[in-house]
Amino acid sequence: MIADWHTYAIEDFIPFTTETYVRLMERQNEALWPWHALTFMVAVAILVLLAKAHGRWAGVLCGGIWGWVGYAFHMERYSSLNWAADYFGWAFIVQGLLLAVCGLCGGLRVTRYAWPEWLGSVLAVFGLLFYPLLVALTGRGWTGSEWVAIAPDPTVIFTFGIILLAVRGWWLCPLLIVPIIWCGISGATLWALETSPGLLPPMLALLALTGAVGRGFSKGRASLSENMS
């Protein structure tokens, strides 16, 4: 039995078809419309609050959309297709709590604009504006598109941007764990189902991880310069 594991492909472990998955996204949009406008404004408000140095409220709002996606998408809808969805939901809720606590503890603030922060800005805007457009134009249409605070993938990509842009101190590493793991799971699912946007989530996760490492190097160089001077 164990010797036969190499004969399995990823799609053998996914208990639904591409059509079922796309229909799931359509049902999520149908159920929540027209709240898309409100969730869009919440995401914009997070960026505005960060720009105005109100990181505490930005963290609370960002944590709120993670908790909402964990419950409304994973637990209420995705669980009908995937037995592991409840676990995904709890992971999203925990991530939301971490983001809220990070904000309330002063761990969210924009203090500089080097290339990792610019990358964060690009990822945030991409997740908010261009990811839904990309999904819509690659076969699903607007009814099957995905939006921040409605579906997990754009929420994760948007949050990568927030993390690179504003998270400071030791919060950086723990806040990247759940988003990176989810991008791996999502990318494998989309790849197996042969549906858009395929491996884009894990590719963006790798880009965000590169930005986080770059920030670490930049901070190390800055500290070294201060010590030498």
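I took a disulfide to be a pair of cysteine sulfur atoms within 2.5 Å. The model is predicted, so I kept local features only at pLDDT of at least 70 and side-chain atom pairs only at pLDDT 80 or more, while totals for chains, interfaces and linings use all residues. Residues are numbered from 1 along each chain as its sequence is written, and side-chain values use heavy atoms, without hydrogens and water.

Entry: cysteines. I searched the whole structure and found 0 disulfides. C102 is in none, and the nearest cysteine sulfur, that of C105, lies 7.6 Å away.

Entry: cavity. I looked for cavities, each a set of points on a 1 Å grid over the protein atoms alone where a 1.4 Å probe fits but cannot get out. I found 1 of 30 Å³ or more, volume being the space filled by probe spheres set on points joined across faces, edges and corners. The largest cavity holds about 50 Å³. Its lining residues (an atom within 4 Å of a point) are Y21, F73, Y78, W182, I185, S186, T189 and L190. Helix 7 (residues 172-193) supplies the largest share, 5 residues; helices are DSSP runs of H or I, at least four residues, numbered from the N terminus.

Entry: helix 5. I recorded a kink of about 50 degrees centred on G127 in helix 5 (residues 115-140), the bend being the angle between axes fitted to the seven residues ending there and the seven starting there. Just after helix 5, G141 has a positive phi of about 75 degrees.

Key
1 Å grid on protein atoms, 1.4 Å probe; cavity = no way out; pocket = protein on both sides within 12 Å on 5 of 7 lines; lining within 4 Å. Helix = DSSP H or I, 4+ residues; strand = E, 2+ residues; numbered from the N terminus.
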